[in-house]
Amino acid sequence: MNKMFILALVIFVGTVIGVQLTTIYLSLGMLIILSAIYMLRPIPRGIREVALWSALYVLGYWLSFSMNDVIFNILKLADLPRELIIACSRLSLFGFIIPFLLYAKLNKTTTNYIAKGSFTENIYFPLIWVGLKDPIWRFILIASCTVILSFSFVIDFNQQDLYRLLWFGIWFALINSVLEEILWRGLILNRFVDLLGEKCGLVAVSIGFGMYHYSIGFPWVVCALFSVLGMMLGGIAIRSKGLLPVIILHFIMNILFVLSGLIF
């Protein structure tokens, strides 16, 4: 297996996991180590870049953490419904986005997924590049119908506040799906694809995407499942060369997560 890929995976995923398990003071130590790796010229340029991106992730994590506290406390004082507070708190994802967005302004990538994307490009099931060929629009339609049918068995459609929950779910899904896709597929994935290629870049970012969900309250086993989901979402972004198709699928899945009780 490619040595560059292994090192990039260890550094980036290790950072994503490590920053969630440490205090802000220990995270400063992580920043020092990552900065040292970036500045050591004998180290290959690609590894130094991954160290820099990982340092940006640490900064984004704590900025997002702080923004989440501020948003949560302000909305709590306003005596808003708990579900609406949780939905609006996802605006704290801007904390992650800001460092990567500023870096993107200074260092542009060859690959760029911050675009509308095509619904007519082909994707292959089940391995994105290998399997049954389908246009992306039909793949998303089939995937959406499959997940809706699957979740229909665990959603209580007789619950008294179903429509209220649906409204909060739409608000949560809109914020979360758009901002997570901008961050993970729009700003991070393109960096790793430029460095490692589409397949290895997709794997590295998808594992990081899954592990990041631990900070939201999901156990590690579920985070591993989110990594698999991340590969599908990232694969759609790569094949469509944009974010709109993957945002639609992400949006639908987030609503189902809410209705099934995984979020609120």
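**From the whole to one contact**

Of the 264 residues of the protein, 50% count as buried, a word that stands for under 20% relative accessible area with a 1.4 Å probe and protein chains only. The model is a predicted one, in which local features need pLDDT of at least 70 and side-chain atom pairs count only at pLDDT 80 or more, while totals for chains, interfaces and linings use all residues. Residues are numbered from 1 along each chain as its sequence is written, and side-chain values use heavy atoms, with hydrogens and water left out.

Ten helices and two strands make up the protein's secondary structure, where helices (H or I, at least four residues) and strands (E, at least two) are DSSP runs numbered from the N terminus. Along the sequence they follow the order α-α-α-α-α-β-β-α-α-α-α-α. The C-alpha atoms fill a box of roughly 65 × 50 × 30 Å, taken along the principal axes.

Consider now helix 7 (residues 162–196) and helix 9 (residues 220–240), whose axes come within 11 Å and cross at roughly 75 degrees; such axes are lines fitted to C-alpha atoms over the stretch in contact, and angles run from 0 to 180 degrees between N-to-C directions. Helix 7 contributes Glu 181, Arg 185, Leu 189 and Val 193 to the contact, and helix 9 contributes Gly 230, Leu 233, Gly 234, Ala 237 and Ile 238, contact meaning heavy atoms within 4.5 Å.
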